[in-house]
Every structure is written in C-alpha cells, then in structure tokens.
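The following paragraphs lead the reader through one structure, step by step. Please keep the sequence and the three-dimensional view at hand while reading.

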Amino acid sequence: MGSHEALSVEPFKRLVKLAARAFYDDITTKGDKQPKTGRSDNRGIAVVVLDALTRRQWVREEDLAKDLKLHSKQLRRTLRFFEEEKLVTRDHRKETAKGAKIYSAAIAATGDGQPGGREGDEKLKMHTHSYCCLDYAQIYDVVRYRLHRMKKMLKDELESKNTVQEYICPNCSKRYTALDALRLISPHDEYFHCESCDGILVAEADKLAAQELGDGDDSARKRRQEKLKDMLQNMEEQLKPLIDQLGRVKDLTVPEFGSLQAWELQNAAGRAANGDHGNDPSKSSQGLGFGGTPMPYVGETKVEVALSGIDGKGENIKSENGNAPSKVLPPWMIRQGMELSDEQRGETKQEAKMAGSSIALESSDDKNTTDEKDDVKNIQDEYVKAYYAALLERQREQEAHDDSQQQMSNASTSNGVAMPTERQVGMKSKLADEYEGDDVEWDEEPPAGNTAKNFKVHDLNVEAEASDEEEDDIDWEEG
Amino acid sequence: MFFHIVLERNMQLHPRHFGRDLRDKLVTKLMKDVEGTCSGRHGFIVAITGIENVGKGLIRDGTGFVTFPVKYQCVVFRPFKGEILEAVVTMVNKMGFFAEAGPVQIFVSNHLIPDDMEFQTGDMPNYTTSDGSVKIQKESEVRLKIIGTRVDATEIFCIGTIKDDFLGVISDPGATS
C-alpha cells in the first residue's frame, strides 16, 4: 500500500462516517414484528459498524462481532443490510483453521488487526467464514446517487408538473410509467391492466403529498409547496458536509482492497518481502510441509523424463526442442513443477515455498497466479539468467552428445530395458535442464509400458535419423 | 418538430420492372415502403419530396433482384420533450386521455390535467370543469406540452400535460365560431 494511497484513504473514511450518520442513523435491523422495547432498540448500530469497518480492511465477521461486543447474528443482519445497500462487499468461504491462518497473516501484515489471534485452534473441520470489507468506490457512487435521487424527488414534487406518472400493480407490485400507457389500456374498461397478471393498476400517489394532506384544495397545495421548499433547503443545509466531502474525494484515487483472496495474497506477500516470512516458524514449516508433499509427484515425472529422453534420441525432435527457447516457462509452471533442476530450484525455492503454502489451501490457483505475478517477477529475471546459462551449457553438451549418442544407444541394446531408463534420466538432467517442463507437458501421453516397446524398435534401427519416423509409427499403433 | 432531411435506402427491385420506367417503379416502391414508417432515430417519415440520386444497381446472385441505393429527400416528424403540439383526443378514461398528433400517440394522465377538471363517466366519458364550460372528450382538440417521450426502434410514444398556461382545449365551439 503506497503512501499516497494512505493519504487518500482518510477522506474516504470520513465520507463513510458522514454518510453513516446522515443516512443510516436510525436504521434498525430488527424485523417489524418484534416490539420495539427500549432494550431491543438497536438504532445507531449501523453507524457503529460502519465506523468500525473504516478502521479495518477485510475482516472476519466473527472477529468484528467480538471487537464490537455484538452478537454475531445481529452484526450479520446489519452487514446484510449494508450489502444490499451496496456499501459493503462480503465473501463467504469454507475453510479450515489453516485457511484462517492466511487471513491472520494478512491481518498481521496490515498491522491493524490482532496478529496471530487464532494460532491455537488447529481443527481441521471446514467452517464457513464470512468476511466483509467496505467498498469505497461503490460507496462514493451510492452516496452520490442517493443525494441525486433525493434532490430530484423533491424538485419534481415541487414543480409537480414534469413528473411522469407511475403505476403499480397491487398484485405483483410491478411498476409502470405513463410511457407504457399504450400497452396497458384494455378495450373492456377504463383502467390500466398489468401486463403479467392482468390486475388493475393503481396510480402511485404523489410520494410526499400522500403523507400529508392529500386533498386537492388550494391552500393545502400551497402549504405542501412551502413544506417541500423547506425540506429541500434543510436537506441542502444539513447534507452540506457530506456534499463537501464528496467534492473533496472526487479526484482522489479510491482505496481498493480487491477481493478477499487478492487482498490476503497481497498482504501475505508484502509480509514475506519484509522478511517476516522466514521468522515465523509456523509459516515456514507449513511451506516445507507443502514442499515435501509433491515428492511422489516428482518421482512420477521422472519416469516421464525418461520418456522424453528417448524422444530426445530422435535428433530431429530434439533439435526442435532446442529451437524453442522462446518458449520460456511461464511462472506458474516453475512453481507447480517441483521437478526443476537444482539451480532452478535453488533460485525458486523461496518463491515455491511461499506460493505453495497458499496454493495448498486455496483451490483457485488461477487467481493466485495473477496476483502473485509481481513477486514472481524478480525471481523470473534470475531464472532467465540461469536459463541462458543452461542453454549455453546445453549447446556445448550437444556437440559432445552427438558422438556419445551412438555409444549410449549401443550400450542400451546390450543392457536391456531397465538400464536405459536409468541412463536416460542421468543424461536428461545433463542435457535438457531447461526444457524439462515442456517435455513433461507434451510427453504426458505415452504410458510407461511404451518405454520398452520404443526401445525395441529403436534397437532394430540404430540410426538416429530414423527414430523420427519410428515415433510416428508408434503413435499410429496407439491411436 | 418537422425536418426536411436526406435519407438513404437500399431498394430491391424485381427483374420484371426492368425497362423504360424502371426509375418510376423504383420511386413508387420507395414511397410505398417508406412513407408512414417510423424510425427511432429520425422520427416518422411523413412524405418523400424528391429523389437525390439512384446509385448503381447490384444484381443479387441467385434471385435476379437488383439492389439500388437510393438517396431521397423527405419530411420527418419527431416529437421532442418540451414541445407544444396540437392533438385530437382519441380516448378518455379514468386514468387520463389519449390524443393523436398526426402519427404520434400522446397520453395525458389525470395528474397532468388541471385540478379543476373532473372525470365524468357515461357513454361519452369526459373531463369537465366544475362550471361545465370546458369539456375534454373524444374528438376534442387540445393543445398540450410533451413532457416525456419513449423512442423505440419503430415506435415513438409521448406523454403530455395540459396543466400549464395556455394549454387545454382549443376546439371549444364557442371560441372557434
């Protein structure tokens, strides 16, 4: 979060506070059925909640309830109201205690929550947690729209002639305007009929006039006019601070927290960059734990690496591979594939750990990758350097390889099936560090059993040139 | 408001019309096709006043029809918000009345009829002042102000008011005679 952004946050916070006091002061979230005793009167809660939210970014609703000493049900009702009012964005997700940890980490990074609040509970049960956050950009629009509507309504009432009459169907409460009149007339009687349920529409009475003296007589109308004028004036007067604040905020950049996941990642990443990451034992152990899990996967890919090595025997194919250095591994691949060569892994280790911890817990990798691109960038730069070094080495290897190739294949004929696979792995790691990822991608198809077959064929035609065609043959047989 | 503008249209002409009077046929067909239609953009096309030019025809594959791009001058009528119009009342009901100004339909809701006029039912429903001097019923002519338009692709509908100075009935027999 940049410093200039922090500057722009304050006016927005003030805007929210003003709007809360102006519009949500007397909102009660209780149902109408309940008697309004002194105790259950919870007007003003809305303001308190909004104020509390200005001091936070994303916050778990339980935590907020605890902080505000509110019942979580009551808070949720208030928040749902605000969600409908479009002031607040909410996010619900199922998560384990681990998932909560990311959130706590992010909270710790922002420095305005209670860090490590729930380190203790390690239950693996899935709970649905709700998070909420103020949506400043939307609040700005909502407030402006509200003011505009208020003014327009009063002005229309005041002039009382340029209003487009509205009609409501009492049955299905569908609304029509006078502009729809042509479609609504019925040939049988003199009323308008609802298009969907054929009920008789009633004209929506003058919104404010109905509240007071609805009589059409002249003095009443005069009084009404006076009243409207007063109201408009009062409104302008009382809402002036709010309007001023809107004007102040107009040109500022809106503080944007993004979605919950994006926010968590951003803050967690910021924390890692600050060096916090290594110090937190729980965090790092988590990361290692994840690093450990994909070991079977690595083993599995080794088999496929062997296959790719075989493919590499066909000189044509290999050169094709060699010609594709432009196919730089995208960052997400580096991270996912733990079967990278040593130098690569050495460089991406930290990254992998960090990203891994988040990936393990969240299903939507795609989202993460986009968000993490920034942290990946510098790592990627280093990676590219390593890549070119490896490429250079490989080219040197290649020359040596050409003659060693023959010897090796000869050896394979004598040794049988099991041996070559081993050798291939070794050779592969030397030869083609950098395009392993690619190999894995397009060599996933052939099953391990193919190895033996492939070799057999290969044994028959030792010439390297012919191997290209062999590949085709095999594909045919399989397909 | 009326406008005199130039519009363009691609006319398809059947091969049987090809001959000496091709151009006449084309213009006749254009008039038949276009006059009286309404486009949301230009309003109602009232009349074609002249042909600017007829472009080169293009023979359609398979059908033999020929497409001519025709530029023509025409008078269009488009109602605007705030415009004052004179219109003939076509229907009166409890909710207000409908009137027509040429091709345009206008609805005046009872809220936009002066407060001193009351609805009277009967076989000739009407709005009448308390002293009975002014009466709005079917076939009456009224002067009204448009306060809202709804413009669809092929239709324009307006709502109007007679609740303003100098608006209201103008066909009062006593006044015109």
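Two strands are said to pair if DSSP finds at least two bridges between them. With that in mind, the reader may turn to chain A of this predicted model, where two bridges join strand 4, residues 166–168, to strand 6 of chain A. These two strands run antiparallel. Within the pairing, Ile168(A) stands opposite Val202(A), a residue of strand 6 of chain A.

The pair belongs to a wider arrangement. Three strands of chain A form an open sheet, in the order 5-4-6, with antiparallel pairing. Strand 5 (175–177) and strand 6 (202–203) of chain A stand at the edges with a single partner strand each, so one side of each is left without a neighbour in the sheet.

The chain has 479 residues, and buried residues make up 42% of them. When contacts in chain A between residues at least 6 apart in sequence are considered, 75% of them join residues at least 24 apart.

The helices may be approached through helix 2 (residues 45–54) and helix 4 (residues 72–84) of chain A. What describes two packed helices is the angle between their axes together with the distance between the axes. For helix 2 and helix 4 of chain A, the axes come within 10 Å and cross at roughly 80 degrees. An angle of 65 to 115 degrees counts as roughly perpendicular, and helix 2 and helix 4 of chain A are therefore described as roughly perpendicular to each other. On the side of helix 2 of chain A, the contact is made by Ile45(A), Ala46(A), Val49(A), Leu50(A) and Leu53(A). Helix 4 of chain A contributes Gln74(A), Leu75(A), Thr78(A), Leu79(A) and Phe82(A). Of the residues in this contact, eight are nonpolar, two are polar and none is charged.

Helix 3 of chain A is followed by Lys69(A), which is placed in the loop between helix 3 and helix 4 of chain A. Lys69(A) has a positive phi of about 55 degrees although it is not a glycine. Is Lys69(A) buried or exposed? Exposed means over 50% relative accessible area, and Lys69(A), at 74% relative accessibility, counts as exposed.

Lys86(A) is found in the loop between helix 4 and strand 2 (88–95) of chain A. Lys86(A) is not a glycine, yet its phi is positive, at about 70 degrees. With 46% relative accessibility, Lys86(A) counts as partly exposed.

Attention may now pass to the aromatic rings. The count of aromatic pairs over all chains comes to 13. One of them is formed by Phe12(A) and Tyr136(A), an edge-to-face pair with 6.0 Å centre to centre and 70 degrees between the planes. Phe12(A) lies in helix 1 (residues 3–23) of chain A and Tyr136(A) in helix 6 (residues 136–159) of chain A, so the pair ties together parts that are 124 residues apart in sequence. Phe12(A) is buried, its relative accessible area being 1%, and Tyr136(A) is buried with a value of 2%.

Phe23(A) and Tyr24(A) also form an edge-to-face pair, with 6.4 Å centre to centre and 90 degrees between the planes. Phe23(A) is buried at 8% relative accessible area, and Tyr24(A) is buried at 2%. Together with Phe81(A) and Phe82(A), these residues form one aromatic cluster.

Strand 2 (residues 38–39) and strand 3 (residues 43–54) of chain B pair in the antiparallel sense over two bridges, and a hairpin joins them through three residues. The bridge partner of Cys38(B) is Phe44(B), in strand 3 of chain B. Strand 3 of chain B also pairs with strand 5 (residues 66–77) of chain B, in the antiparallel sense and over eight bridges. Here Ile45(B) stands opposite Val76(B) of strand 5 of chain B.

Terms used:
Residues are numbered from 1 along each chain as its sequence is written. Chains are lettered from A and ligands numbered from 1 in the order in which they are written. This is a predicted model: local features need pLDDT of at least 70, side-chain atom pairs count only at pLDDT 80 or more; totals for chains, interfaces and linings use all residues. Side-chain values use heavy atoms; hydrogens and water are left out. Helices (H or I, at least four residues) and strands (E, at least two) are DSSP runs, numbered from the N terminus. Axes are lines fitted to C-alpha atoms, for helices over the stretch in contact, and angles run from 0 to 180 degrees between N-to-C directions. Angles under 35 degrees count as roughly parallel, over 145 as roughly antiparallel, 65 to 115 as roughly perpendicular and the rest as oblique. Contact means heavy atoms within 4.5 Å. Ala, Val, Leu, Ile, Met, Phe, Trp, Tyr, Cys and Pro count as nonpolar, Asp, Glu, Lys and Arg as charged, and the others, Gly among them, as polar. Rings of Phe, Tyr and Trp (its six-membered ring) pair if their centres lie within 6.5 Å; planes under 30 degrees apart count as stacked, over 60 as edge-to-face and the rest as tilted. Buried means under 20% relative accessible area, exposed over 50%, partly exposed in between (1.4 Å probe, protein chains only).
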